[in-house]
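Biologist: Before I rely on any label attached to this model, I would like to hear the rule behind it and the value that is set against that rule.

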Amino acid sequence: MSETRQKAENDKLMQARIYEQEKWKQSNPEMRPVFHVTPPVGWMNDPNGFSLYQGEYHLFFQYHPYSTVWGPMHWGHCKTKDFIRWEQLPCALAPDRDYDGQGCFSGSAVEQDGKHILMYTSVQERELEDGTRQIRQTQSIAVGDGVNYVKAAQNPVIGAGVLPEGSSLEDFRDPRIWKEKDTFYAVIGSRSADGSGQIALFSSVDALQWQFERILDRSDNRYGSMWECPDFFRLDQKQVLIVSPQLMQAEGLEFHNGNNSIYFVGKYGEESREFLRGKAHTIDYGLDFYAPQTVETKDGRRVMIGWLQSWDNYLTPETADWSGVMTVPRELSLKGERLVQTPVRELDQYHTQEIVYQNIRLEKKDGTVAPEGVRGRVFDMTVELEDYDFGRFEIALAADERNRTSLIYDREMKTLTTDRTYSGLVHDCLCTRSMYVQPHGGKLSLRILMDKFTLEVFVNGGEQAMSTLIYTRLQADGICFSCDGSAVFSVKKFGLDPGCE
């Protein structure tokens, strides 16, 4: 490679690093969530490279620093020791090679011999002699020290030509790498000859020379089209496959139209490399959730983080200099064949200002009730519905005289609905989504996390999750309760301050 060419490629990454550093200095922290990851500037989508490296947890993300909409993909970068307080690091990858000139798409990471190995999708687009545009997605490797990463001379290390006949050469992306004993493995999203999603399994002894093993699973046109962002891991003696299908059609309240994130629980033969899966389930029933990725912690927990935003509902205010936020990291476990998600336990050490109300009796005639001290836009609050005789119970959040986002429990339909119709939106965006919930012994528990613009609800100890993005003005911090009959409920609310322990 010529010296001029090498300098130009290095300049592209340096340009992004200088730009984000300057913009980060100018950013107003008051207009950002306090314990959720956001980009230093510009656009952020899928979490990438969620991994443990030299005792710290690194998170990369799809990143376009130069605008608040999707653009040529870079990899942004941050790290944490406890999943709550995050340190911003310099941009890790830029689209600066011929093979990835149109984007460094999603991928993952693993630690090996003191080095941090990133595996990502490289995108190349070129014009052919007949004037048509050709897109190719391949897989590449970069190796680094936790801050600086060097792309492998062998890149790209996997091309779609090794897939079964008829597989897409354009839709082949989002490698998830891990290591078992002396062998690296990766699952990669693809499209089969019938146009629907499939997950390909590869192996390697050095992370540079890869061998196609088999198609691990396929949609057969049952769940959307392309299967993006696969993750594949052991959990509670079972195997879990996560995929994010595109172009799904709604099925009751389980799946919604468009981009979903779903999971399968099953059995995996480590010798046969065969995965036998069970029923598909949605991971998160909210309005904004996509492309989750997991990491195994030092103490053996499986922790997941996802993109708390929707492709089809762009809410970012015109005045903002960043777009995109991650969910709170969540600990995963299984209850039968269903995932249970709870905010990481590290969050508890940042609790402040405990407020508790037991056995609040609420009647329709009371109208809207706002218990003293129960308000705010950054909190961890659990509401326990203990006894009731009503059709509808509502919790209004981020509320003032004009704004509110509502959680509505319909007792007869047994549904919980998020409604952001009155959250201050000025565009015609999707505003409601519902899920079926099942009280336990007549009681319903809702753990509600809010971080200025994020709303995450965990039902009955994490049996279901519902994540939603709002950009209501921060002065709207009321929390109030109402019902159309009678109810008895309890509230335990904590403030959250990541600046203190």
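This is a predicted model: local features need pLDDT of at least 70, side-chain atom pairs count only at pLDDT 80 or more; totals for chains, interfaces and linings use all residues.

Modeller: Residues are numbered from 1 along each chain as its sequence is written, and side-chain values use heavy atoms, with hydrogens and water left out.

Biologist: What makes a set of residues a nonpolar core, and which residues have the most contacts inside the largest one?

Modeller: A nonpolar core is a set of buried Ala, Val, Leu, Ile, Met, Phe, Trp, Tyr and Cys residues joined through side-chain atoms within 4.5 Å, where buried means under 20% relative accessible area, exposed over 50%, and partly exposed in between (1.4 Å probe, protein chains only). The largest such core has 36 residues, and those with the most contacts inside it are Val37, Phe50, Leu59, Phe61, Phe83 and Met326. Helix α1 (3-26) and the strands β1 (42-53), β2 (56-64), β18 (290-296) and β19 (302-307) each supply at least two of its residues, with β2 giving the most, four residues; helices (H or I, at least four residues) and strands (E, at least two) are DSSP runs, numbered from the N terminus. A second, separate core of 34 residues includes Leu385, Tyr409, Met466 and Ile470.

Biologist: Which residues are in contact with Phe83, leaving aside its neighbours within four places in sequence?

Modeller: With contact meaning heavy atoms within 4.5 Å, the partners of Phe83 are Phe50, Tyr57, Val295, Thr297, Val303, Pro329, Val344 and Glu346.

Biologist: Why is the pairing of Arg301 and Glu346 called a salt bridge?

Modeller: A salt bridge is a side-chain nitrogen of Lys or Arg within 4 Å of a carboxyl oxygen of Asp or Glu, and the closest N and O atoms of Arg301 and Glu346 are 2.7 Å apart, so the pair meets the rule. Arg301 is in the loop between β18 and β19, and Glu346 is in the loop between β22 (338-343) and β23 (351-363), 45 residues apart. Arg301 counts as buried at 11% relative accessibility, and Glu346 counts as buried at 16%. Both belong to a network of salt bridges that links Asp299, Arg301, Glu331, Arg345 and Glu346, and by this rule the count comes to 32 salt bridges.

Biologist: What makes the phi of Gln353 worth a remark?

Modeller: Most residues other than glycine have a negative phi, and most peptide bonds are trans. Phi of Gln353 is near 50 degrees, a positive value in a residue other than glycine; Gln353 lies in strand β23 and is exposed, with a relative accessible area of 64%. Asp220, in the loop between β12 (210-218) and β13 (227-235), also has a positive phi, near 55 degrees. A cis peptide bond joins Asn155 and Pro156, with omega about -10 degrees.

Biologist: Why is one space called a pocket and another a cavity?

Modeller: On a 1 Å grid over the protein atoms alone, a cavity is a set of points where a 1.4 Å probe fits but cannot get out, and a pocket is an open set with protein on both sides within 12 Å along at least five of seven lines; lining residues have an atom within 4 Å of a point. Grid points are joined across faces, edges and corners, and a volume is the space filled by probe spheres set on the points. About 560 Å³ of space lies in the largest pocket, and of its 23 lining residues the closest to its centre are Arg176, Trp178, Lys179, Glu296 and Arg302. The largest cavity holds about 80 Å³ and is lined by 14 residues, with Pro47, Gly107, Cys229, Pro230 and Gln293 nearest its centre.
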